[in-house]
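Work through the exercises below with the sequence and the 3D view open. Try each task before you read its solution.

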Amino acid sequence: MSATDSKRRRTRRSAEDRVLGVLRFVVITVAVIVTAGPLLYGFLLSIRPFQSVVAEPLQLFPSPGEITFDSYPTAMAEYGLGGNMWNSVQVAVATAALAIAFSVLGAYAAVRLRFFGRNAVNVVFLGVYLLPGIVLAVPLFVLLNRVGLAGSLVGLVLVYVAQTVPVALYMLRTYMMAVPSSVEEAAMIDGCGRLALIRRVVLPLALPGVAATALYVFMIAWNEYLFALLFLVADRDRWTISLGIAQLTEFSVPTTVLMAGSIAITVPVVAGFFLAQRLLVTGLTSGAEKG
Amino acid sequence: MTAGSPGSGGKADEADGPPLSDSDRQAMSDPRGTVETGGPSPTHPSAVGVPAARAARAATATAVRPDPDSGPGPSKPHRRKPLTLSRREDLHGRVLVSPTVLVVLLFAVLPFLAVVLFAFLDVRLVDIPRLYIDNLEFTGDNVTGVWNSPRFWSAAWTTVVYAAASSAGAVLVGLAVALALRRPFPGRGIIRALVLIPYVLPVVAATTIWKTLLNPGYGLVNAVGVEWLGWAEPIAFLTTTSRDVGPFEVPVALLCVIAFEVWKTSPLAFLFITARLQVAPDDIEEAAEIDGAGKVRVFWHLLLPQLAGVMALLAVLRFLWSFQNFNDIYLLTGGSGGTEVLAVRVYTELVVRANIGTASATGLLMTGMLLAVVAVYAWMIKREQA
C-alpha cells in the first residue's frame, strides 16, 4: 500500500468518523434530555407555587425564594393520596409475596423436574402472557362482581397474582437454571426432601434473582391502572395510588399537586429499579416482560 | 438433572468431605442459607446432619402424601415403599406447579372462556346479580353488530397504525441509542441508567407529566412554541384530531400517543439491542476496519445482519403489546382526538354503554386479530428455518 493511498483513505475515514462522532454526541444528548427531562420537569413543577407555574411556564427552574414543598403534604392529606398510597403498598406487597411463593415452586418444577403436563403448563402460561389484559378485564369484572369480590383489595391482589405469576415464573426460571444441579443432587443424596431442598439450597443460591423478581412484580402491581380502575373506582377509600392520581387529573386540581403525587409514586420504583438494575436487566432481556 | 451436571465432579468442597455432612455444610456455610434455616434446625453443626434432613424429608412426604394420585394400584399394600425416582419427580412436579396453575386457571383461563361465552350472550351490567348458568340467553347479535359497525373497524385501523408505528419507532430509537452508547466513555454508566427512566416510570406518573408538558395553558411545549417558534396559538395536542401543516393533514393526537409509546418502550429495545451488541465479536469488525471499511459500511454489512434477528423479535413483541395497550392511550386522551383503539372500545362498551355482550365480542375479535399476528409470525419463523 503506497503512502498517498493510505493517507487518502485515512482522511476519508476520519471525515466519516467526525460526522459520526458529532451524530453520536447529538443522539446521546437528545436521549438524555428526552428521557430524564420529563421527570426533572415534573419534580421542578412540584416544588413551585401553582400561580408561578401558570404565570411563567417558560421559567423552568424556580427562583430560590419561591421553592416550596407544600404540594406534597397537600397531595397526601388534602387530596387523600396518602391513604391511596397505603392501599397500594398493601396490594403490591401482597401480590409480590404470593406471586413469588407460587412461582418459586413452579419455576423449580419447570427447571428441574420432568412431570406429566409440563409442556402443557408452559403453553398455558405463554397464552396468559399474550392475552390482552383488557379482554380478561371484562369477565373478571363480571365474575368478581358476581362473587362479591369486586371493590375489594383481595380480589385485586388475586387478579394481579394471576397476571404476574407467568412473568415471575419465567424470570425465576432463568435464575434457577444458573444453580448447579450437582449441589441439589448432593443434598438429595444426603436425604434432603424436595421442599427442604428448595428452601435450604435453591432459594439461598438464587436469592438475588428471587429478590429482583419480587421487586419486578411489586413494580407491576404498584404501577397497575386498568384493573384498579375497573374494580375500585366506586369506592374512594380503596383507590390505589395510580388510580387516585389518575382520578385527580379529571378535576381541576393544581398541576403542582399532581406533579407532587407523580413524583411520590415514582421515587420508590425508580430507587428500587436502580438498586437491582443489573439483575433486572438480565431478566428483562431474557424475555420476561409485561406491559 | 437437565443442566450443569458435567461440572459436578470438579467442585472442591464436594470432594474433600464425607458426603453426609456435605449438603448441610453447604447450606450452613452460606450466610443467607443460615438465615433461611434459622428456625427448625439446631445450631450445632455436628449434630445437624442426618436428623434434620430426615425431619425435612418426612415433612415433605406428609405434605405430598394426601394427593390421591400418589399411590397407583400395585404399590398400595406396602405403604412405606418409596416411589421410583421418576414417579416421585412426576408427583412433586405436579404438586409444586399446582398453586400456580390453579390461580392462572381461575383468573386467566376461566375468564377467557367466559369472554367467549359472554360474546354470545345478551347480557348487560345490570343483569349481573341475576346471572345464572341455567338461564342464559344466547344470541349472535353482539358479534355481527360489532363486525358491522364502522366504529369498530376505524378503531381496528387506528390500533394497527398505532401498534406498527410505535413498535417500529421504539426499535429504531433503541437501535440509535444503543449504537451511540456502545463504546465506553466517562459517564456512560449513568447515562445508560438515565435512559431507562421512561420504562421504569409508573404509567400514571408518566402520562400526568406528559399531559402537563402538552397543556395548552401552561405546558412547556406550547410555551416554547408560542414564544420561540412563532406558533400563532397554543395547540391542544391531545384533543386535536387533525391539523393542516402545509400540504399535509397531520393526526396530532395520534402522533402524540405514538410518541409517548415510543418514548416509553424504546428503553426496552435499547436494553435488548445492547445485550446483543455485547456478544457481537470484535475481531471481524477490526479486520474490516483494517481492510479500510468505514464505520457506516461496518454497520450495514457486519452489525445490522447480526442485529436483525433481535430487532425483528422486538418489533413483533412490541407490536403485540402496543396492539393491546389501554393504559397509555386512555390516560393521555381518553380515546378522543382520533385515538380510539380497540382496547379503549372494549372499555367504553363495558363501562359507558354497560353492555357486557358487545364488550366481550369486541374483545374476542381483538384477540382473534392478535392470534392472527402470532400465527403469521410463527409461520414466518418456520419458513425461515425450513
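Predicted model: local features only at pLDDT ≥ 70, side-chain atom pairs only at ≥ 80, totals over all residues.

Residues are numbered from 1 along each chain as its sequence is written, while chains are lettered from A and ligands numbered from 1 in the order in which they are written.

**Exercise 1. Describe the contact of chain A with chain B.**

Step 1. Count each side. Chain A gives 106 residues and chain B gives 106 residues.
Step 2. Find the main contributor on the chain A side. Helix α1 (residues 3–46) of chain A supplies the largest share, 18 residues. Helices here are DSSP runs (H or I, at least four residues), and strands are too (E, at least two), numbered from the N terminus.
Step 3. Sort the chain A side by class: 72 residues are nonpolar, 20 polar and 14 charged. Nonpolar covers Ala, Val, Leu, Ile, Met, Phe, Trp, Tyr, Cys and Pro; charged covers Asp, Glu, Lys and Arg; the others, Gly among them, are polar.

**Exercise 2. Find how helix α6 of chain A packs with helix α5 of chain B.**

Step 1. Read the geometry. Axes are lines fitted to C-alpha atoms, for helices over the stretch in contact, and angles run from 0 to 180 degrees between N-to-C directions.
Step 2. Classify it. Under 35 degrees is roughly parallel, over 145 roughly antiparallel, 65 to 115 roughly perpendicular, and the rest oblique. The two helices are therefore roughly perpendicular.
Step 3. Look at the residues. Among them are A:Leu140 and A:Leu143 from α6(A), and B:Phe107 and B:Phe112 from α5(B). The contact has 13 nonpolar, no polar and no charged residues.

**Exercise 3. Is A:Ala162 buried or exposed?**

Step 1. Apply the cut-offs. Counting other C-beta atoms (placed from the backbone) within 10 Å, 20 or more means buried, 12 or fewer exposed, and in between partly exposed. A:Ala162 has 26, so A:Ala162 is buried.
Step 2. List its contacts beyond four places in sequence: B:Val103, B:Val104, B:Phe107 and B:Ala108.

**Exercise 4. Summarise chain B.**

Step 1. Chain B has 17 helices and two strands.
Step 2. Of its 386 residues, 37% are buried.

Technical notes. Contact = placed C-beta atoms within 7 Å.
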